[in-house]
Each structure stands twice: as C-alpha cells, then as structure tokens.
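Reader: I'm new to this one. Can you walk me through it?
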Amino acid sequence: MGISSKNYWFKFIDTLPLIILFIISLNGSSVINIKFFSINIHYILVYYWVLRKPEILGYGVIFLSGVISDVVLGLPFGISSLSLLFVAGVAAYVRVVTVRITLINDWISFIPALLFANFVYFTSLYFSNYVVDYLYLLKNSIFTFIFYPVLWAIFSLITSSTK
Amino acid sequence: MDTSREDFGIAIRSAFLRKGTQQRFSLFVLIVFSTVLIFLETIERKPLQVIRSLLKDGVYRSAVVATYPLKIFSSTYNFFEEHITLYKNYDELLKENEELKNDISKSDFLELENSQLRKLIDEQTESQSNLLSARVMLDKQSPYLNSFVINIGSNKGIKNGMAVLDGESFIGRIVDVNYFSARVLLVTDLNSRIPVITEPSGSHAILTGHGKKKPTLEYLPENHKIEDGHKIYTSGKEGIFSPGLIIGEVETNEEEETAEVLLISDLNQITFVNVNLDNVSKKE
C-alpha cells in the first residue's frame, strides 16, 4: 500500500464511526430487534468511540445524531440526544479514571452508562406522555450489555488497523 | 477519603465541563441544550412549530435518501423470498379463491338487505368519504412508537387526529403534521386507543395497541358475546373518527384470555394510504 492510499485508508477509518452513527440515525435503526433479541447499537457505538478515540466522535455530532434519531422515530426532540450524551459522559469519566484498556473494564463500566442513559430516556418519555414498556427496556438493556464485547472486538480491529 | 472525593470531582469536571481535543462543545453545555429542547417541545407556539416542521421535513427527506440502499436490499430479498414461496402460496390462494367465491354470494345478499334496511330507517347514506391519497415516505418502526411518515402535510390540509386508511380499512391516525409530511400513529402502537364496535355482537370496546402485531380489545362489557371472526369497526363514539371503518377481526387468545384483533392490513407492507379528511374538518 502506498503512502497516499494508506492515508486514504486512515481517513476512511477515522470517519467510519461518524458514517455509521449517521446511517444508524437516519435509518432509525439505533435499536436492532431480531426476534427476542433487542440491541441498542447507538449506545455501544457512542460509548466505545468516546472511550477509545474521543477526537473522532465529537459531542456535537452525538447530539446531532440524537436529534435526527428523534425526528426519524417520532420522539420529542432532545430525548435521544440527552441519553446519548449521558452515555458519552460516563465514557468520558471512565477514560479519565482508567489507564489500562481491557474489555472487562470497558464492559463493566458500560453498566452505569446503560443505567443512566435508560433512566434519562424513559424519564423523558414518561414526562412527554409516552407509554413506556419497562419489560422491553430491561430486555434491551440486558442484550445491549451482552452484545457489547462483539462490537468491542470489531471496533478494536478497526482501530488497530490504523496503527 | 477527602482525596478520593476530590479525585472524583476532578474526574467529573474533566469529563463533563472540559472541552476535549477537537471538541467544540463541552458535554455539560450539550446536556443543558438537550434538556431545553425537550421543554421547548411542549410549547405550542407558531414560530417554534414552523422551525420544528421545517427541521422534520428536512430530516425526513435526508432519511429517505439514506434508507434507499437498504430499501433496495430488502426489496431484492423479498423478491427472491416470494419466488421461493410461490408454489406454497399458489395452493393457499386456490383455497382462498374458492372460499371467496362462496362468500361473494352471501355478501351480495347482505348488501341488498343492508340497503333496504337503511331505506327503512330513513338513514342518510353518506357520500364517499373525503379521502386524500398519500405515499409512505419513511417507515421506521421504533420499539416505542409504531408509526410512519407520509408525504403530505399541512400543505394538503392534513390535521392532527385524521383517520388513515389502507384501502378501506382503518390503520391509524395523524399525530404530527409538518408542512410537507405527517406522522401516522398505527393502531398497534402502545399509545394508540381507538373506540370500536364489534359486529355482529354489537359490543363497544377500546382497541388498544401494545407495540405488537395484534392490538387487543379492552373495556368490553362483562357479558359480551364476542367470538373469533367477529368484525371490528370504528364506533365513531365522541366523534373522533367516522363510524363503520373496518379494522380487523377478533381472534381470542385463550392463553392470555384476551380478545386480540387480527388487522385487515399488513402494516409492514403499506406503500399508499388514504387520509380521511372528513372527521376533523367537520368538527371545525
């Protein structure tokens, strides 16, 4: 691979999280439902990249993708943004207090991120007079947590390809 | 103890208040901004509504472009799937055709009887509803909101609360109107409550969505005589929708002891809808 093509590859990898983030938002596919499974890839994406490479995924971009998500899914403005920013907040905090990068550290600290985000999400929905399915919320949180290592591995492969 | 508290404070400040590398906004500012946005959503002022409407229209158009590759993929997949299940469907359609032929003679008789009865009670037979056709622009079923976006809005006189039909069957109502688009809340949504009447048992009930394929009938009278196959129509109670719009038929769920409703329309396969302009405009 020549220098210029290598540069293009690095640039592409750098913008990949952004592309995925906006595709997810515009497609309204932040939550993937496959039969019994329900995974919120929006949360995982934001958490991982804010934790590992915050310079790639800016907070403003996260906010914007949340607003787009709200519009596409028909929710009141700001609800998804707020919950995504809380995920980003926990990720930023974990980044400040941890030194070593391990899957276990990331995975465990993803629990408070999920709890905060879902709390904010459903409190906002509740006050906006939306009916909330709490069982679905629990199921979604559990499967998002379980699925985290899979996306962690994929994203780690992507980030390692730029080194 | 004090040191750990200080460390915690420093970490929180660093995470939420400081702008990171190449970050234009701090997290705290954006969180406050998001909260303000949520509160603004509850304010029904004309300038705010115009801004919201423009923003939503813009995002919907972008979303249509962004979902285009996915649509092509899913339509290709459906095309192959349909070919695979062609023979199976052929047998089913043959059977269905036979049943329908039998039903036609029955329904002809019922239609005749119905028109005679209407004449008897001097009921004014209303002209065809004032329907307006629209195309489904964006069909993104969120786990919390079963809805889709259509390509007409206040530019064509669409208003909140109007009934939306697939052919002649009722599928939902308008809940959010922008200038070039509007959102339809489907009967399957958790937030959907529609007053209905069953036929032939004639019981009034509320059709309640649960975010699943089949909504259920609630607030039925205690000694109701509802059976499988009974038809469900909008009752027109409280003047919310025109009465007599068909929705589906009853399918009792013995395990959960609920009366579910099998919808006439497959909500995942809708491309065009009709918006009934009658009910809301009449009230106004």
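Predicted model: local features only at pLDDT ≥ 70, side-chain atom pairs only at ≥ 80, totals over all residues.

Reader: Where is Ser169(B) found?

Author: Ser169(B) sits in strand β4 of chain B, which covers residues 169-177.

Reader: Buried or exposed, that Ser169(B)?

Author: Ser169(B) is buried. Its relative accessible area is 3%, and the cut-off for buried is under 20%.

Reader: Let's switch to salt bridges. How many over all chains?

Author: The count comes to 4 salt bridges over all chains. One of them pairs Asp106(A) with Arg52(A). Their closest N and O atoms are 2.7 Å apart.

Reader: Which parts does that pair tie together?

Author: Two helices of chain A. Asp106(A) lies in helix α5 (residues 103-127) and Arg52(A) in helix α2 (residues 41-52), so the pair ties together parts that are 54 residues apart in sequence.

Reader: And how does Asp106(A) count, buried or exposed?

Author: Asp106(A) counts as buried, at 2% relative accessibility. Arg52(A) counts as partly exposed, at 21%.

Reader: What does Lys56(B) form a salt bridge with?

Author: With Asp176(B). The closest N and O atoms of Lys56(B) and Asp176(B) are 2.8 Å apart. Lys56(B) is in helix α3 of chain B and Asp176(B) is in strand β4 of chain B, so this bridge ties together parts 120 residues apart in sequence. Lys56(B) counts as buried, with 8% relative accessibility.

Reader: What about Lys214(B), what is its partner?

Author: Lys214(B) forms a salt bridge with Glu251(B). Their closest N and O atoms are 2.5 Å apart. Lys214(B) belongs to the loop between β7 and β8 of chain B, and Glu251(B) to strand β10 (residues 246-253), so parts 37 residues apart in sequence are tied together.

Reader: How accessible is Lys214(B)?

Author: Lys214(B) is partly exposed, at 28% relative accessibility. Glu251(B) is also partly exposed, at 26%.

Reader: New topic, the surface. Which residues form the negative patch?

Author: Asp91(B), Glu92(B), Glu96(B), Glu98(B), Glu99(B) and Asp103(B). Glu99(B), for one, is in helix α5 of chain B, residues 86-120.

Reader: And what makes the nonpolar patch?

Author: Phe25(B), Phe28(B), Val29(B), Val32(B), Val36(B), Leu40(B) and Ile43(B) make a nonpolar surface patch of about 550 Å². Take Ile43(B): its place is the loop between α2 (27-41) and α3 (46-66) of chain B. Ile43(B) is partly exposed, with a relative accessible area of 35%.

Reader: Now the backbone. Which peptide bond is cis, going into Pro200(B)?

Author: The bond from Glu199(B) to Pro200(B), with omega near 15 degrees. Pro200(B) is in the loop between β6 (193-199) and β7 (204-208) of chain B.

Reader: What is phi of Tyr219(B)?

Author: Near 55 degrees. That is a positive value in a residue other than glycine. Tyr219(B) is in the loop between β8 and β9 of chain B, and counts as exposed at 66% relative accessibility.

Reader: Where is Glu222(B)?

Author: Glu222(B) is in the loop between β8 (216-218) and β9 (231-234) of chain B. Glu222(B) is exposed, with a relative accessible area of 79%. The C-alpha atoms of Glu222(B) and Ala259(B) are separated by 13 Å, and these residues are 37 apart along the chain.

Reader: Back to polar contacts. What does the side chain of Ser147(B) join?

Author: The side chain of Arg183(B), through a polar contact of 2.7 Å. Ser147(B) is in strand β2 (residues 147-150) of chain B. Ser147(B) is buried, at 0% relative accessible area.

Reader: Last one. What contact does the side chain of Asn276(B) make?

Author: A polar contact with the side chain of Ser242(B), at 3.5 Å. Asn276(B) is in strand β12 (residues 272-276) of chain B and counts as buried, at 0% relative accessibility.

Reader: How far in space is Asn276(B) from Ala163(B)?

Author: They are 5.3 Å apart, C-alpha to C-alpha, and 113 residues apart in sequence.

Note on methods
Residues numbered from 1 in each chain as written. Chains lettered and ligands numbered in written order. Heavy atoms only, no water. Patch = residues over 30% accessible without salt bridge, like charges linked within 9 Å, V, L, I, M, F, W, Y side chains within 5 Å. Areas by Shrake-Rupley, 256 points an atom, 1.4 Å probe, with all protein chains shown as cover. Salt bridge = Lys/Arg side-chain N within 4 Å of Asp/Glu carboxyl O. Lys, Arg positive; Asp, Glu negative; His and termini not counted. Charge placed at Lys NZ, Arg CZ, Asp CG, Glu CD. Helix = DSSP H or I, 4+ residues; strand = E, 2+ residues; numbered from the N terminus. Buried < 20%, exposed > 50% of the residue type's maximum accessible area, 1.4 Å probe, protein only. Polar contact = N/O pair within 3.5 Å; in protein donor to acceptor, adjacent residues only side chain to side chain.
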